[in-house]
Amino acid sequence: MQTRRGTLGRLASLVIAGALTIAVPATAQQHEHAHEDMAMPSSGMHAALLADLEVLEQKYTGLAEAMVEHFAWRPAEGVRSVSEVFMHIAGANHYVPTLVGVAPPEGMEVASLEEAFGRMGEMEGITDPAEVMEGMSAGFAHARHAIKSVPEEALDDPIDMFGQQATKRAGLILLMTHMHEHLGQMVAYARMNGVTPPWSAGG
């Protein structure tokens, strides 16, 4: 079972030179307005990532709606609650894209790693269902913006990740795998609370 401390430790390795990007997100409408002039790719890796992101957003949103009455539940002391996991994803979707050089939304910069973790903790403290849904929506909008911001010809550009040389392609894949990792966690949370994931035809 993942602890909050352990996940934050892994996120520390994502810090790169320049501004960090954790803060309570702006509204999803503001994010979408900033991204609406960017064309939607129809083929290649970008299209595949965006299609996956759409499914992820639908699943996270469906689970959040189905688990509203369980937002305060956590499987053990020191482990994120339901709402904390949802807001962790919202924060990470603003934070991880700095790896590939995507600037955060205006007003979301912080000056140090300690401040970043403090802001992230503030986000995870949001428990109001409407605010959680808004936060996730804004995070997914920024993830969508990040994917569309990296040109196809730049996917193999080098970046520093975990203190090792990687590529922007790897950074975008990390953005997606992090969401998949915690989606599995949330499915387990749902089952432990007697909630069937909305997309699960088998019940």
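In the predicted model, helix H4 (residues 82-95) packs on helix H6 (residues 129-149) at an angle of about 30 degrees, and the two axes lie 8 Å apart. Axes are lines fitted to C-alpha atoms, for helices over the stretch in contact, and angles run from 0 to 180 degrees between N-to-C directions. H4 and H6 are therefore roughly parallel to each other (angles under 35 degrees count as roughly parallel, over 145 as roughly antiparallel, 65 to 115 as roughly perpendicular and the rest as oblique). Their crossing is left-handed, a term used if the near helix is turned anticlockwise from the far one by less than a right angle, with right-handed used if clockwise. On the H4 side, the contact is made by Ser 83, Phe 86, Met 87, Ile 89, Ala 90, Asn 93 and His 94; H6 contributes Glu 131, Val 132, Gly 135, Met 136, Ala 138, Gly 139, Phe 140, His 142 and Ala 143. Contact means heavy atoms within 4.5 Å. By class, nine nonpolar, six polar and one charged residues form the contact of H4 with H6 (Ala, Val, Leu, Ile, Met, Phe, Trp, Tyr, Cys and Pro count as nonpolar, Asp, Glu, Lys and Arg as charged, and the others, Gly among them, as polar).

Residues are numbered from 1 along each chain as its sequence is written. Because the model is predicted, local features need pLDDT of at least 70 and side-chain atom pairs count only at pLDDT 80 or more, whereas totals for chains, interfaces and linings use all residues; side-chain values use heavy atoms, with hydrogens and water left out.

The protein chain has seven helices and two strands, and from the N terminus on its elements run α-α-α-α-α-α-β-β-α. Helices (H or I, at least four residues) and strands (E, at least two) are DSSP runs, numbered from the N terminus. Of the 203 residues in the chain, 47% are buried (buried means under 20% relative accessible area, exposed over 50%, partly exposed in between, with a 1.4 Å probe and protein chains only). Among contacts with a separation of 6 or more, 81% join residues 24 or more positions apart.

The contact of H3 with H6 comprises 11 nonpolar, three polar and four charged residues.

With H7, the angle of H3 is about 25 degrees and the axes are 11 Å apart, so H3 and H7 are roughly parallel to each other. H3 passes H7 in a left-handed crossing. Among the residues that meet are Leu 49, Leu 56, Tyr 60 and Leu 63 in H3 and Ile 173, Met 179, Leu 183 and Met 186 in H7. This contact of H3 with H7 holds 14 nonpolar, two polar and three charged residues.

The largest nonpolar core has 46 residues; such a core is a set of buried Ala, Val, Leu, Ile, Met, Phe, Trp, Tyr and Cys residues joined through side-chain atoms within 4.5 Å. Those with the most contacts inside it are Tyr 60, Met 67, Phe 86, Phe 140, Ile 147, Met 179 and Met 186. H3 (44-66), H4, H6, strand E1 (158-161) and H7 (168-192) each supply at least two residues of this core, and its largest share, nine residues, comes from H7. In soluble globular proteins, nonpolar side chains tend to be buried together. Phe 86 touches Tyr 60, Leu 63, Ala 64, Phe 71, Val 132, Met 136 and Met 186, not counting residues up to four places away in sequence.

Phe 71 lies in the loop between H3 and H4 and, at 5% relative accessibility, counts as buried. Leaving aside neighbours within four places in sequence, Phe 71 is in contact with residues including Ala 64, Ser 81, Phe 86, Pro 129 and Val 132. The C-alpha atoms of Phe 71 and Val 82, 11 residues apart along the chain, are separated by 4.8 Å. Ser 81 lies in the loop between H3 and H4 and is buried, with a relative accessible area of 2%.
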